[in-house]
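Welcome, and thanks for taking a look at this one with us. Below is a short tour by topic, to read alongside the structure.

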Amino acid sequence: MTETDKVTDGQVISMDYTLKVDGETVDSSEGQEPIEFIQGTGNIIPGLERELYGMAVGDSKDVVVSAEDGYGKVDDEAYMDVPRNQFPADIPMEVGTQLELHDREGHPMHARIEQVGEESVRLDFNHPLAGKELHFAVKIAGLRAATAEELDHGHVHSADHQHG
Ligand code: ZN
């Protein structure tokens with residue numbers, strides 16, 4: 001067995017995974033194709049990427065990632081009170097409603113309704129998994145060297161993602 005048979009930087013990893021938070025599955029590749037990413041490029045969260053080095057195809061591992069190494073701590077500044085009359089009528093004014101907003105430059109921003117008041121609504125711009133410990137179960141489904149072009153782009157080129 002050579003070093004290329006094990007996860008190392010610059011390899012394209014195919015990986016099956018299940019992510020549990022507070023005992024509930026929040027994300028999984030089950031019933032779908034494994035995810036693909038280039039190891040060492042920060043395509044996946046750092047606390048998980050770090051634990052994959054040295055794994056071989058077929059290896060499984062349970063990885064617990066702290067909030068700090070996952071989606072970050074809850075940011076107390078990431079809340080905003082917005083007058084109710086600024087929301088379109090078709091948006092349900094309920095705690096937990098997910099919104100996609102745009103900042104001044106038109107970049108998408110995700111928020112959740114945190115609190116509904118008489119006059120205003122409090123939005124939470126934290127990532128939904130901020131502050132959460134992440135429990136991953138992963139299995140390496142495939143490994144190959146990334147092409148020079150993939151390394152240059154920093155992402156995987158697959159059958160459904162090819163470009164000039
Ligand atoms: Zn590309």
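Domain bounds here come from an automatic or database domain assignment. On that basis, the chain of this predicted model is divided into domain 1, made of 3-71 + 130-153, and domain 2, covering 79-124. The notes below go from the domains to a sheet and then to a pocket.

**Domains**
- Domain 1 is written as two stretches, 3-71 and 130-153, while domain 2 is the stretch 79-124.
- Taken over C-alpha atoms, the centres of domain 1 and domain 2 are separated by 33 Å.

**The four-stranded sheet**
- An open sheet is formed by 4 strands in the order β5-β8-β7-β6, with antiparallel pairing.
- Because β5 (79-83) and β6 (98-102) are at the edges and have a single partner strand each, one side of each is left without a neighbour in the sheet.
- From one strand to the next, the twist averages 40°.

**Strand β8 and its partners**
- Strand β8 (residues 120-124) runs antiparallel to β7 (residues 108-116), and 4 bridges join the two.
- β7 and β8 form a hairpin, with 3 residues between them.
- On the other pairing, β5 and β8 also run antiparallel and are joined by 5 bridges.

**The largest pocket**
- What is the volume of the largest pocket? The value is about 220 Å³.
- The lining of the largest pocket consists of 13 residues, and those nearest its centre are Tyr17, Ile35, Ile44, Tyr71 and Phe136.
- Two strands, β1 (11-21) and β3 (35-38), each contribute at least two residues to the lining of the largest pocket.
- Sorted by class, that lining holds 10 nonpolar, 1 polar and 2 charged residues.
- In general, empty space shows up when a probe the size of a water molecule is rolled over the atoms.

Definitions and conventions
Residues are numbered from 1 along each chain as its sequence is written. This is a predicted model: local features need pLDDT of at least 70, side-chain atom pairs count only at pLDDT 80 or more; totals for chains, interfaces and linings use all residues. Side-chain values use heavy atoms; hydrogens and water are left out. Two strands pair if DSSP finds at least two bridges between them. Axes are lines fitted to C-alpha atoms, for helices over the stretch in contact, and angles run from 0 to 180 degrees between N-to-C directions. On a 1 Å grid over the protein atoms alone, a cavity is a set of points where a 1.4 Å probe fits but cannot get out, and a pocket is an open set with protein on both sides within 12 Å along at least five of seven lines; lining residues have an atom within 4 Å of a point. Grid points are joined across faces, edges and corners, and a volume is the space filled by probe spheres set on the points. Ala, Val, Leu, Ile, Met, Phe, Trp, Tyr, Cys and Pro count as nonpolar, Asp, Glu, Lys and Arg as charged, and the others, Gly among them, as polar.
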